Amino acid sequence: MSDYDPLDAATVADPYPVYERLRKNAPVFWSERFGSWIVTRHSDCHRVLSEVDVFASDWRRAGHEAPPTAALSMQELDPPDHTPVRRLFTTALRDQDLDAIAAFAVRDTAAVFEQLADTPSFDFTAEVARPVALQAVCRLLGVEPPPVAAFAELSDALVRGMDAGLLPEVLEPAMAARGRINALMAEWFTAHRRPGLLTQVLHGAGAAGVTEDAVWNNVRVLFLAGFSTTVGAAANAVLALLEHPGALERLRDPALLDSGVEELLRYDGPVQGTTRACVETTRIDGVTVERGQLVLALFGAANRDPERFAAPDELLLDRHPNRHLSLGWGPHACSGALLARIIIRALVQELLAAPAPPRLAAPPVRVPRATLRYPDRLPVTFQNAEPER
């Protein structure tokens with residue numbers, strides 16, 4: 001079974017029928033296109049994410065070549081190398097004033113909506129999600145935000161670079177963008193920094209046994225994930241609300257907000273999957289996976305698995321339990337997960353406070369990507385529809 005093409009136009013527009021077919025007909029299959037096994041059921045994807053002894057984020061453990069440890073991030077390391085870095089960053093994250101960051105996100109969203117209220121239509125992704133997400137991640141780190149449009153261009157190049165195995169031509173622009181982002185971060189090293197996560201992890205790195213190079217590499221990953229994943233999650237969530245009449249209004253009920261945010265993440269999560277390397281020969285659903293082979297866990301397919309979720313293709317804002325995999329699972333869960341949840345809550349709050357209900361002004365536009373899926377242009381309006389004549 002090798003007909004899964006995430007860049008096919010129909011799959012870019014709506015991958016979920018493809019995921020359904022794969023779960024039914026080939027839940028575990030070898031893809032020549034990806035050079036890996038692909039797993040599509042929730043139970044198998046959860047296992048790949050959870051069993052670190054068998055499925056490695058650090059591919060060196062499975063015999064692959066990789067950069068030196070200092071060049072790897074938390075997302076590319078496994079215990080014990082992973083443990084001190086994760087502990088340092090997790091502690092610093094918990095020490096930040098997350099309530100204040102959430103309050104600022106609400107304020108920023110309200111200010112943007114006020115500016116856009118009288119415009120015929122606006123691009124939600126570019127004009128709302130990106131500036132609000134960038135302000136939030138920079139407040140978390142304690143750094144000055146770069147210009148939104150220029151940084152979004154660099155981030156998009158890096159995100160497309162994740163698909164270099166399918167589209168080799170995106171690798172060079174991604175490497176150039178990485179160099180420019182590294183230069184931006186070098187300015188943070190000497191610039192006056194506000195209190196925040198960056199200052200705290202730099203201060204505590206020595207005692208934690210973490211090198212300064214490792215700190216900066218992980219800060220880069222957190223900065224980019226906090227931005228790109230949050231933008232994707234926010235755009236997907238708002239599109240889902242606009243495509244389901246009455247869903248946004250239901251979220252006026254405070255009792256539904258937490259479960260509603262999780263359901264929006266499950267229903268159309270931004271990250272479509274992640275790849276691990278098999279450390280020791282094992283079996284997945286009756287299929288033998290040899291040491292050194294790669295395994296791609298398709299989150300998007302797992303999150304619509306009827307064996308885990310009742311009515312998986314429906315948006316059920318009171319769904320419970322909801323153990324979706326949209327932002328990963330376990331020790332390598334997405335470092336942007338917290339900000340994504342904060343921003344979605346802020347958006348829901350301010351969309352409900354808008355003087356008129358939002359609606360789609362035109363169909364969304366998507367750039368073909370395999371790893372991160374969200375509308376690159378999402379035309380929205382607060383204007384009432386023209387009355388029929």
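By class, six nonpolar, two polar and two charged residues line the largest cavity. (Ala, Val, Leu, Ile, Met, Phe, Trp, Tyr, Cys and Pro count as nonpolar; Asp, Glu, Lys and Arg as charged; the others, Gly among them, as polar.) This is a predicted model: local features need pLDDT of at least 70, side-chain atom pairs count only at pLDDT 80 or more, and totals for chains, interfaces and linings use all residues. Residues are numbered from 1 along each chain as its sequence is written, and side-chain values use heavy atoms, with hydrogens and water left out.

**Stop 1: the cavity.** Select Y4, P6, T11, V12, P15, Y19, Q272, R369, A370 and R373; they line the largest cavity. Its volume is about 60 Å³. A cavity is a set of points, on a 1 Å grid over the protein atoms alone, where a 1.4 Å probe fits but cannot get out; lining residues have an atom within 4 Å of a point. Grid points are joined across faces, edges and corners, and the volume is the space filled by probe spheres set on the points. The count is four cavities of 30 Å³ or more.

**Stop 2: R373 and D268.** R373 sits in the loop between β9 (359–360) and β10 (379–381), and D268 in the loop between α12 and β5 (273–278), so the pair ties together parts 105 residues apart in sequence. Helices (H or I, at least four residues) and strands (E, at least two) are DSSP runs, numbered from the N terminus. R373 and D268 are both buried, that is, under 20% relative accessible area; exposed is over 50%, partly exposed in between (1.4 Å probe, protein chains only).

**Stop 3: R345 and D258.** Another salt bridge joins these side chains, at 2.3 Å, N to O. R345 is in helix α14 (residues 337–353) and D258 in helix α12 (residues 254–267), 87 residues apart. R345 is partly exposed at 33%.

**Stop 4: R130 and D156.** Here the closest N and O atoms of the salt bridge are 3.1 Å apart. The structure holds 17 such bridges, each a side-chain nitrogen of Lys or Arg within 4 Å of a carboxyl oxygen of Asp or Glu.

**Stop 5: the cysteines.** Select C138 and C334. Zero disulfides (cysteine sulfur pairs within 2.5 Å) turn up in the whole structure. The C138 sulfur is 16 Å from the closest cysteine sulfur, in C334, too far for a bond. C138 is buried at 0% relative accessibility.

Terms used
1 Å grid on protein atoms, 1.4 Å probe; cavity = no way out; pocket = protein on both sides within 12 Å on 5 of 7 lines; lining within 4 Å.
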